[in-house]
Amino acid sequence: MKIELKNNKVFFENQGLKKEIHPFWLRERVNGDIYIDKGTQQRLFDPTKIKENISINKLNLSDDYLEVTFNDGAYTKYLIQNILKEFSNTNDTKYIQKIKWDSSLKNLNNFKFKENFFEEKQMYDALINFYKYGFVIFKNVPTKNNFIVNFANSIGSIRRTNFGEFFDVKSKPNPNDLAYTSLSLAPHTDNPYRNPVPCIQMLHCIENEVSGGLSTLVDGYTVTEKLKNDFSDFYKILTEVKVRFQFIDQSVVLEDWAEMIQLDEDRKFKQVRFSPRLDFVPLIDKEKLELYYSARKKVSELYNSDKYRIEFKLISGDLLMIDNHRLLHGRTSYDANEGRRFLQGCYIDYDSTEGKLKHLKRKFNL
Ligand SMILES: [Fe+2]
């Protein structure tokens, strides 16, 4: 990638492809104290107020800098590296390659928590692993005073829901969700009925004295790829039919319509939703429904199969961070008479992890 000049025009060259950079694009990126606030890096001028016929009067290119004088008198000196950065996607978490995994996964992405952890390079490594595998486990996280709230807010901002800022996961009388029992929970994604669906779930183990109650995870991305390759009709219908997900309790009715497998604008994997206690398919053609039901059965079979599920026991101080758009989670049943099993949970969104990741990348010059 490089910058070239010709006839008072600036060109951007990448792999033999040469394109002119619009002078206005450069004009609205002018820097220096009169144009940009040093502290916030925000513009001190309104680019919508600049006249449209901006052109370049004078150009000068050196190894590191591009100097431009515009026809409205504005002059600026750009660091070429900063211009080139805008043409690369290296800062985008979308380009962190996902690693597919199944039950053979041995590395549980453990990171030891310590003081100041959120500002350390280790935190950056943990977040990269999170984007690769869809989960990470922090060990030795303090368990007193609802520390999960501090933890979440040190990465970004907690996402409050009608379950509260955080929720206690233990068996209790008259629960409004099966999570608050000692029953096993088959792999599912959380809150598919919300708009938007919480991106990331944190589960912090405060106490775990029971022999059962193992945590389970399944990679929805791996299963989706399997479905796409081996059962393309099923894949197709699950990416097409929008299903109603619903949650009802005494004080709220939450509903949202979405595909069980949602694709992005490039028709690539974006998100899975799976919670067969909460989904209602619309009344579509009988043949289509027939295919839909077979597809849902198949995907459920895959999600619940030993081939894709990992199981592990969370111990006191473990904090599991799960990508709720990619992974399914669950637990095995336990006997509440054996002792206490107490987890705390909360949600954060991708802006938290992305913001932290980019901050640490900038801080450590990575
Ligand atoms: Fe859950």
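Visitor: At what angle do helix 5 (residues 220-230) and helix 7 (residues 286-303) pack?
Guide: This is a predicted model, and all angles here are computed from it. The axes of helix 5 and helix 7 are 10 Å apart. The angle at which the two helices pack is about 135°.

Visitor: Is helix 5 parallel or oblique to helix 7?
Guide: The angle between helix 5 and helix 7 is about 135°. Angles over 145 degrees count as roughly antiparallel and 65 to 115 as roughly perpendicular, while the rest, beyond those under 35, are oblique. The value for this pair falls in that remaining class, and therefore helix 5 is, relative to helix 7, oblique.

Visitor: Which residues of helix 7 make the contact with helix 5, and what is the hand of the crossing?
Guide: Helix 5 passes helix 7 in a crossing that is right-handed. From helix 5, the contact uses Gly220, Val223, Lys226 and Leu227. From helix 7, the residues are Lys298, Val299, Leu302 and Tyr303.

Visitor: How many residues in the contact of helix 5 with helix 7 are nonpolar?
Guide: Two residues of this contact are charged and one is polar. Gly counts as polar, and Gly220 is among the residues that helix 5 brings to the contact. The number of nonpolar residues is five.

Visitor: Are helix 6 (residues 232-240) and helix 7 roughly parallel or roughly perpendicular to each other?
Guide: The axes of helix 6 and helix 7 come within 9 Å and cross at roughly 105°. Angles of 65 to 115 degrees form one class.

Visitor: Which residues of helix 6 make the contact with helix 7?
Guide: On the helix 7 side, the contact is made by Lys288, Leu291, Tyr292, Ser294, Ala295, Arg296, Lys298 and Val299. By class, the contact has seven nonpolar, one polar and four charged residues. The residues of helix 6 are Asp233, Phe234, Ile237 and Leu238.

Visitor: Which helices are included in what covers the buried residues of helix 6?
Guide: Helix 6 has as its buried residues Phe234, Tyr235, Ile237, Leu238 and Thr239. The cover over them includes strand 15 (253-259) and strand 16. It also includes two helices, helix 5 and helix 7.

Visitor: How many disulfides does a search of the whole structure find?
Guide: A disulfide is a covalent bond between the sulfur atoms of two cysteines. In this model, a pair of sulfur atoms must be within 2.5 Å to count. The number found in the whole structure is zero. For cysteine 205, the nearest cysteine sulfur is that of cysteine 346, at 15 Å.

Visitor: How far from cysteine 346 is the nearest cysteine sulfur?
Guide: Cysteine 346 is in no disulfide. The nearest cysteine sulfur belongs to cysteine 199, and the distance is 13 Å.

Visitor: Is cysteine 205 buried or exposed?
Guide: Buried means under 20% relative accessible area. Cysteine 205 has a relative accessible area of 0%, and therefore it counts as buried. Cysteine 346 has a value of 0% and is likewise buried.

Visitor: Where is lysine 268, and is it buried or exposed?
Guide: Lysine 268 sits in the loop between strand 16 (261-263) and strand 17 (269-272). Beyond its neighbours within four places in sequence, lysine 268 is in contact with Gln262 and Leu263. Exposed means over 50% relative accessible area. Lysine 268 has a relative accessibility of 53%, and therefore it counts as exposed.

Visitor: Is asparagine 146 exposed or partly exposed?
Guide: Asparagine 146 is found in the loop between strand 8 (135-139) and helix 4 (147-155), and it has a positive phi of about 50° although it is not a glycine. Asparagine 116 also has a positive phi, near 65°, and at 57% relative accessibility counts as exposed. Asparagine 146 has a relative accessible area of 31%, and therefore it is partly exposed.

Visitor: What share of the 366 residues of the protein counts as buried?
Guide: The protein has eight helices and 22 strands. Its C-alpha trace spans about 80 × 55 × 45 Å along the principal axes. The share of residues that count as buried is 47%.

Methods. Residues are numbered from 1 along each chain as its sequence is written. This is a predicted model: local features need pLDDT of at least 70, side-chain atom pairs count only at pLDDT 80 or more; totals for chains, interfaces and linings use all residues. Side-chain values use heavy atoms; hydrogens and water are left out. Buried means under 20% relative accessible area, exposed over 50%, partly exposed in between (1.4 Å probe, protein chains only). Axes are lines fitted to C-alpha atoms, for helices over the stretch in contact, and angles run from 0 to 180 degrees between N-to-C directions. Helices (H or I, at least four residues) and strands (E, at least two) are DSSP runs, numbered from the N terminus. A crossing is left-handed if the near helix is turned anticlockwise from the far one by less than a right angle, and right-handed if clockwise. Contact means heavy atoms within 4.5 Å.
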